[in-house]
Amino acid sequence: MGVAPDGRVTPTSLPLRLAAFAVAALCSLPVVVVVLKAFESGPGQAFELVWRPRVGELLGNTVWLVVLTCTITAILGVGSAWLVERTTLPGAGFWRVALVAPLAVPAFVNSFAWASFLPALSGRAGAVLVTSLSYFPFVFLPVAAVLRSMDQGLEEAARSLGLGPWRAFLRVSLPQVRPALLGGVLLVGLHLLSEFGALAMLQYPTFTTAILDQFEVAFDNKSGSVLAVVLIMLALTLLTIELLVRGTRRHARVGTGTVRRPAPARLGAATPLALLGLAALTALALGVPGWSIVRWLLKSADSMEPISLLPTLWSTLRFALLAAVITTVAAFPVAWLLARSRTWFALGVERVTYVASSLPGVVVALALITLSIQYVRPLYQTTTVLVVAYVILFIPRVMVAIRAAIAQTPPELGEASRVLGQGPIATFLRVQLPLTLRGTLAGFALVFIAVSTELTATLLLAPTGTETLATAFWNASASLDYAGAAPYAAAMVLLSAPLTILLLRDRGHRKNKDQLT
């Protein structure tokens, strides 16, 4: 891997830096292509396309959706995490799984379920409802992990100074979970900017839906690119706001010490109300989509139309496995560089991958279509271009997991292997890779789930005649064939659910292990 015997990245580790630079260059392609395409007719025409009433409407819709959904998911995520991790709520283990399980239901499947359950549900109210129920686990997961491992001594000190339990939580505990909360809210915001299927089904136009409309209806790549530039600016704005709000305040202690689990707050007479609230949230997030899918599945059983589920399932598995393997391999150089060297070069590579992955799938797809048609036309609508899109969209998911695993691997082990005569490659394969295997597999699973339910990039880039579960579901639901769409929706949920639960258990296992050590 081009590391020194002590495991550190050195200035002479040229292969590692070149590999990381190649990954960053690949991820930056969509941004560069979209910006050049938008301004190829001159800044004047680009600004004319931006200063239109339609763009103002799309901007208002997008901003309102981000503000409302991020606020609701923050409240739901923090509130449910506090009830599960810091109170005497019965059945905490069950609620941990139930509140993460909505991640197994793609947002566009959730919108399909609600549209069939309440046909009149549409517009901003419907969009905020569906996206909030789909994305609040992104806030619940990190906040619950922090609350589960927080030291009790901080709250005890606040209580000893005269603060009540609620004031102690708001003034001491809540600031401690701020980084996790902001990270979860940022993830929700970036997902909202890139969401297409759920919003299109609920007839709520945003920049992402308008970009795809420009390409599919008018085949106007220029106008779509201009809208994409505005969307890129919104994504950069979100990233900047999160960075500024997060600040530089220190949240870690000097030395690990002995962490005491916080004493759970007694709910008392409020226990039935808390259980009722979590049950209602679970019923809305899981019950409605589950009931709708089962209802339409029963109707599809009586249909005489054949459903090509097995070929579609095989295409989905093939793309997901291939993309997950390639993305995991591509993420290793960047993750290793970040874990072992906090230089400006490493941070720049990290920022590039995050900005690129924050783009909607339609923007990445449009950029790769432009590149493939103009420069490598034989690759147009091939598996290669589609997999490249998946790598650009999802590499941070596996990169973060691998980076955390590498950071927990003592570099002295690599040094010992080198002293015993092992080369860098043998050291990596026999010592370092096994120690990072758990994090690597977690990142692999995250990418596999994302690819198996990805819609917009797959719609534009999939080879002719090839369908995945997501695109087959979308084609059926777009023609209001709910019975025909239900089997594909059920297959996506069943494919994602086991990996989602395993990821939750893996995080819990690693958290408990960290506390013991």
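# A tour from loop to helix

Begin by selecting Q381, which lies in the loop between α17 and α18 (383-407), where helices (H or I, at least four residues) and strands (E, at least two) are DSSP runs numbered from the N terminus. The model is a predicted one, in which local features need pLDDT of at least 70 and side-chain atom pairs count only at pLDDT 80 or more, while totals for chains, interfaces and linings use all residues. Residues are numbered from 1 along each chain as its sequence is written, and side-chain values use heavy atoms, with hydrogens and water left out.

What is the phi of Q381, a residue other than glycine? Its value is positive, near 55 degrees. Most residues other than glycine have a negative phi. Q381 counts as partly exposed because its relative accessibility is 29%, the classes being buried for under 20% relative accessible area, exposed for over 50%, and partly exposed in between (1.4 Å probe, protein chains only).

Next, select Q203, in the loop between α11 and α12 (207-216). Q203 is not a glycine, and yet its phi is positive, at about 55 degrees. With a relative accessibility of 61%, Q203 counts as exposed.

**The whole chain**

Of its 517 residues, 52% are buried. The chain exposes about 23,400 Å², and carbon and sulfur atoms supply 68% of that area; accessible areas come from the Shrake-Rupley method with a 1.4 Å probe, and for residues only the protein chains shown count as cover. If one takes the contacts (heavy atoms within 4.5 Å) in the protein chain with a separation of 6 or more, 84% of them are accounted for by residues 24 or more positions apart.

**Two packed helices**

Now select helix α1 (residues 14-38) together with helix α17 (residues 361-374), which pack at an angle of about 80 degrees with their axes 9 Å apart. Here the axes are lines fitted to C-alpha atoms, for helices over the stretch in contact, and the angles run from 0 to 180 degrees between N-to-C directions. The two helices are therefore roughly perpendicular to each other, given that angles under 35 degrees count as roughly parallel, over 145 as roughly antiparallel, 65 to 115 as roughly perpendicular and the rest as oblique. Which residues make the contact between α1 and α17? On the α1 side they are L29, P30, V33, V34 and K37, and on the α17 side V363, V364, A367, T370, L371 and Q374. Coloured by type, the residues of this contact divide into 8 nonpolar, 2 polar and 1 charged, where Ala, Val, Leu, Ile, Met, Phe, Trp, Tyr, Cys and Pro count as nonpolar, Asp, Glu, Lys and Arg as charged, and the others, Gly among them, as polar.

Move to helix α15 (residues 309-340) and select S315. S315 is buried, its relative accessible area being 10%, and if residues up to four places away in sequence are not counted, S315 touches T466 and E467. L337 is also found in α15 and is buried, with a relative accessible area of 1%. A distance drawn from the C-alpha of L337 to that of L347, 10 residues apart along the chain, comes to 9.2 Å.

Helix α16 (residues 344-357) has 14 residues and spans 20 Å from its first C-alpha to its last, close to the 20 Å expected at 1.5 Å a residue; the expected span is 1.5 Å times one less than the number of residues. Its buried residues are A346, V349, E350, T353, V355, A356 and S357.

**Three further stops**

Select N475 in helix α23 (residues 469-478). N475 is partly exposed, at 39% relative accessibility, and touches L459 and E467, residues up to four places away in sequence not being counted. The C-alpha atoms of N475 and L459 are separated by 9.6 Å, although the two residues are 16 places apart along the chain.

Then select A200 in helix α11 (residues 197-201), which is partly exposed with a relative accessible area of 30%. A200 touches T209 and W474, again leaving out residues up to four places away in sequence. The C-alpha of A200 lies 9.4 Å from that of A127, 73 residues away along the chain.

The last stop is P179 in helix α10 (residues 178-194), partly exposed at 29% relative accessibility. P179 and P142 are 37 residues apart in sequence, and 9.1 Å apart in space from C-alpha to C-alpha.
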